[in-house]
Amino acid sequence: MTQAASSLALSMVANAVSTSTSGTAWTDISGYTNSVEQGEVSRASGAVYTYDGDKTIIKAGKLAPLDLKFTFVYTEDTAAVAPFGALLALAQTAGGGTVYVKWSPKGGATGTSQYISDAGIITKLNLPGGKADDANPVVCSFTLQTPYVTKSTVT
């Protein structure tokens, strides 16, 4: 197998990230987002052995939910796109507030790939914190648990 051309490899420096509570109207939080951690698609499986033969019989089960983690810059501005206030409200909503997230490694230009979560809930939201000798900007993160993510093309 030949190696992928360097020109085809991607970095996440131009990633576009948006959130939505409806799945249709999106808020671009790219200017606040610092990282998107890789989600892991996993499926339950079952196995059984028989007295005859040396191999396992394996069957596929259901897909496990995905835990997607997003890290963003904490601010106290009142801009409509500032994510912390909206995410805190969703995390504290009784029964969990529904949220969708989509991201595009190439920045969301028409014709590029994007990944869109199904409706999920925020299972973790890290509050602002830090040390007195740390000059880095304050960041927070949230974990979205969702049944699945679809890959599509930005139109």
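1. How do the residues of the lining of the largest pocket divide into nonpolar, polar and charged? In this predicted model, the lining comprises 13 nonpolar, three polar and two charged residues. The pocket itself holds about 330 Å³ of space, and among the 18 residues that line it, Gly39, Leu68, Trp103, Tyr115 and Val149 lie nearest its centre.

2. The second largest pocket has a volume of about 160 Å³ and a lining of 14 residues, of which Thr19, Ser20, Thr21, Thr27 and Ala86 lie nearest the centre. Two elements, strand 1 (16-20) and helix 1, each give two or more residues to this lining, with helix 1 giving the most, namely four residues. By type, the lining of the second largest pocket divides into ten nonpolar and four polar residues, with no charged ones.

3. The largest nonpolar core has 20 residues, and those with the most contacts inside it are Phe70, Phe72 and Phe142. Two or more residues of this core come from each of strand 6 (66-73), helix 1 (83-92), strand 7 (98-104), strand 9 (120-125) and strand 10 (139-146), and strand 6 gives the most, with four. Leaving aside residues up to four places away in sequence, Phe142 touches Leu68, Lys69, Phe70, Phe72, Leu87, Val101, Ile122, Lys124 and Leu125.

4. Ser35 is found in strand 3 (residues 33-36) and counts as partly exposed because its relative accessibility is 22%. Not counting residues up to four places away in sequence, Ser35 touches Lys69, Phe70 and Thr71. The C-alpha atoms of Ser35 and Lys69 are separated by 8.2 Å, although these residues are 34 residues apart along the chain.

Conventions. Residues are numbered from 1 along each chain as its sequence is written. This is a predicted model: local features need pLDDT of at least 70, side-chain atom pairs count only at pLDDT 80 or more; totals for chains, interfaces and linings use all residues. Side-chain values use heavy atoms; hydrogens and water are left out. A nonpolar core is a set of buried Ala, Val, Leu, Ile, Met, Phe, Trp, Tyr and Cys residues joined through side-chain atoms within 4.5 Å. Buried means under 20% relative accessible area, exposed over 50%, partly exposed in between (1.4 Å probe, protein chains only). Contact means heavy atoms within 4.5 Å. On a 1 Å grid over the protein atoms alone, a cavity is a set of points where a 1.4 Å probe fits but cannot get out, and a pocket is an open set with protein on both sides within 12 Å along at least five of seven lines; lining residues have an atom within 4 Å of a point. Grid points are joined across faces, edges and corners, and a volume is the space filled by probe spheres set on the points. Ala, Val, Leu, Ile, Met, Phe, Trp, Tyr, Cys and Pro count as nonpolar, Asp, Glu, Lys and Arg as charged, and the others, Gly among them, as polar.
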